[in-house]
Structure formats: structure tokens, C-alpha cells
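User: I'd like to learn how to read aromatic contacts in a model. Could you walk me through them?

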Amino acid sequence: MQARNLPHIATLLLSLSLAPPALPQSPLTMDSVEDFGRALFFDTDLSLQRTQSCATCHDPDLAFVDPRRDIASGAVSLGADGRSAGRRNTPTLTYAALTPPFHYDSTGFPVGGFFLDGRAATLDEQLSGPLLSKIEMAQPDMNAVVIRVLEKAGYREALARLFGAALLDRPAQVAKALVAALTTFERSSAFSTFDSKYDRYLKGEAVLSRDEGLGRELFFSNLTNCASCHLSSPQQISRRETFTSYRYHNIGVPTNAAIPDPDGSVVPDIGLQANPAIDDAAQAGRFRVPTLRNVAVTGPYMHNGVFTDLHTAVFFYGKYTLNNAVSHTNPETGLPWGSAEIPETVDMNLLRQGQPIDHHRAQLLVAFLRTLTDARFEHLLR
């Protein structure tokens, strides 16, 4: 963002004089950059229609996912205009700030990055996405966001105190300060507590039940293939494990026909291939592996929210490891699993590894996955 592309402060003040009366300042204190970021996170005025904040789709009381069920039973989120809808399930923001920047590993495999296709290399780059998305907060540009922020005396005072008074006459710097505040908040302990039952178990402060313990053994064993994708370092299990390799895979997730397309058709989501850094058709349909922390309270599941229940999401992997009628049936519908959205690039060699995941093993794995729920969200477990 170049300063010459943004108006001088006089133009901003003129815009403010034409804007609706500023809403009352957030009751949240703004004694630090993190506090300022927290206030911004909850502010609906940052959206074009003044109806939606970051917290609308990432509710802190519900593990930072969208609690609304307006579209496709909550598979995707409703936009600030009350009509538009996304095509991907809103992911949890817990532990998201720990995602590494988009890069290629030593084997040339893409890793990290933000959004499920890694199109934002860093957290800073990701933040402007929802603000400027026509189907999310719908602001035309960051200049419009700056104008909204400068409407409020409390925000102007916080910017001057935290970043320097000279900043107020430099809109491009104000925009950078807003991003810095939001990223500081998202990197705070509010998002990454590492205090689940599993974490307490590692510290000797909790005991796993029989099923939880058996599920843990299954998860980390060679009987299943969970650890191939859901450990940041399979060779060394860290106490701050995020349960994702941050790599990209196509696991053959079926199309979610309930998600509306603008023209009424069903268009496959090409995933990683949509990343501007990728020019390879073989990457179509690949999505970044999500964290399993808080997975038991952050459904629906998969990139398109096609599965409602965690047991279904786990049992789905049996489609590839066990060739019988039971494994080919979706327990939520009683019908065969739908076809893969992008069948040509499904990682069959990866998915066929490990022993069959039948219903019993799925139940045990779910019991373990429930222990990855942060303490403050444990009351959400059902």
C-alpha cells in the first residue's frame, strides 16, 4: 500500500464530516497494542454496512468459529450484507497465528501460509482479506477502513498514544498500525492457551479415560495414518504441538451441494491451485491441513463443511483403507460417500496407508480428539 494512493488527512476529515455519527467507543480498554487489536476485532463498524466484525465469524466464546447456521447448516458464513455467502467453512482462529509463512520445504512441497489455499503468505497479509472481500466485510479498500477507524475519538487517541501522534496524518501508516494491532491480538495467549486435557495429561495433571488413552495410542501409532498429516514434527512430539503439518493434501472430500453458487451451479473448489504463487494443475483440490486443537467443538468439518459430526469426518478415512460396504456409507446420510470434488489429484498413496478405520476405531480417535479442547471451551463438548 503506497501513501500516494491514500488521501491526505484533510480529505479524511472531510469524509468523516459526511459519515454517519460515530458510534460509542468500545467499552474495551486500549492500554496496549493488544488491547487496541481486541477492540478492533469486535468492532462491526469495520465492515461496509456496519453489521459485522471479525468476532461475528470468529466468536471467542465458541472457539473462534461462526455460530450462525444461516447457510447450508453453518457449512459457510453469511456476509455483512446479509445475503452473500462464502464457499469455504470458517476455520477456528485458535492457534492460527502459529502457522508458518507460505514457503516450500526441502522437497519442493508447499507448506504454511494463511487461508486454506495459502494465498496470504503471512498473518499480516491475511488480515486484509476478510475486510476487503465482497462476500465478507465488503470494504472497497484499506483507505475506507482507515476512515472508519478515525471516526472514533477513542481510536484516534489510542493510535496517537501507542504509535505516535504523527501517525494520524499518515493514512498508510494508520493502516499498518491497524494490522499490527490485530495481529498482536491474534498472537496473544487468548488464541493459543495449550491448556487442554491432553496438555494437562502431559504435565501429569490429568488422567485419560480408557477410551481416550486407546484413542491416543491409535492416533500416534502406525495402525492409523493420522500422524502423517496431523503432527508438525512426527519425529519429535512437542508439548506445544499444533497437530498439523501445515502441508497441502487432497483427501477426496465430497462436494457440498448445499453451498450455493452465484449462478446456481456446483463449481469445484480448486484449493491450492487458486494460490497466485502456484502454477500447477496437479495442486488442484489440495487444502492446508487444519489444526486438530479444538476440533471437537469447531464443526462442521472439511474445507466445505460437508460433514456435521466429528465421528463422520474421522470415519470418512475408512473409505480409502477398507474396501467394504460399511466404509462406503456416510453415517450422516445412510448413502454412499459423494465423489471427490477434484478426483484427479486425490492423494491415494497417502490415504491407503494404515489399517482400516472402522466405527469402533473412529469412536476411540474421537475420544482422544476431544481431549484437545482448550479448558475454556470444554463446556461446549457434547
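Analyst: Gladly! Let's start with a charge over a ring: NZ of Lys or CZ of Arg within 6 Å of the ring centre and within 35 degrees of the ring normal. Here R119 sits over the face of F115, 3.8 Å from the ring centre. R293 lies over the face of Y95, at 5.2 Å from the ring centre. A word on the basis: this is a predicted model, where local features need pLDDT of at least 70, side-chain atom pairs count only at pLDDT 80 or more, and totals for chains, interfaces and linings use all residues. Residues are numbered from 1 along each chain as its sequence is written, and side-chain values use heavy atoms, leaving out hydrogens and water.

User: How many aromatic pairs does a search of the whole structure find?

Analyst: Rings of Phe, Tyr and Trp (its six-membered ring) pair if their centres lie within 6.5 Å; planes under 30 degrees apart are stacked, over 60 edge-to-face, the rest tilted. The search finds 24 such pairs. Take Y198 and F368: their planes meet at 85 degrees with centres 5.6 Å apart, so the pair is edge-to-face.

User: Which helices hold Y198 and F368?

Analyst: Helices here are DSSP runs (H or I, at least four residues), numbered from the N terminus. Y198 is in helix α8 (residues 197–202) and F368 in helix α14 (residues 359–370), so the pair ties together parts 170 residues apart in sequence.

User: Is Y198 buried or exposed?

Analyst: Buried means under 20% relative accessible area, exposed over 50%, partly exposed in between (1.4 Å probe, protein chains only). Y198 is buried at 2%, and F368 is buried at 0%. Y198 and F368 also belong to one aromatic cluster with Y201, F219, F220 and F243.

Definitions and conventions:
Helix = DSSP H or I, 4+ residues; strand = E, 2+ residues; numbered from the N terminus.
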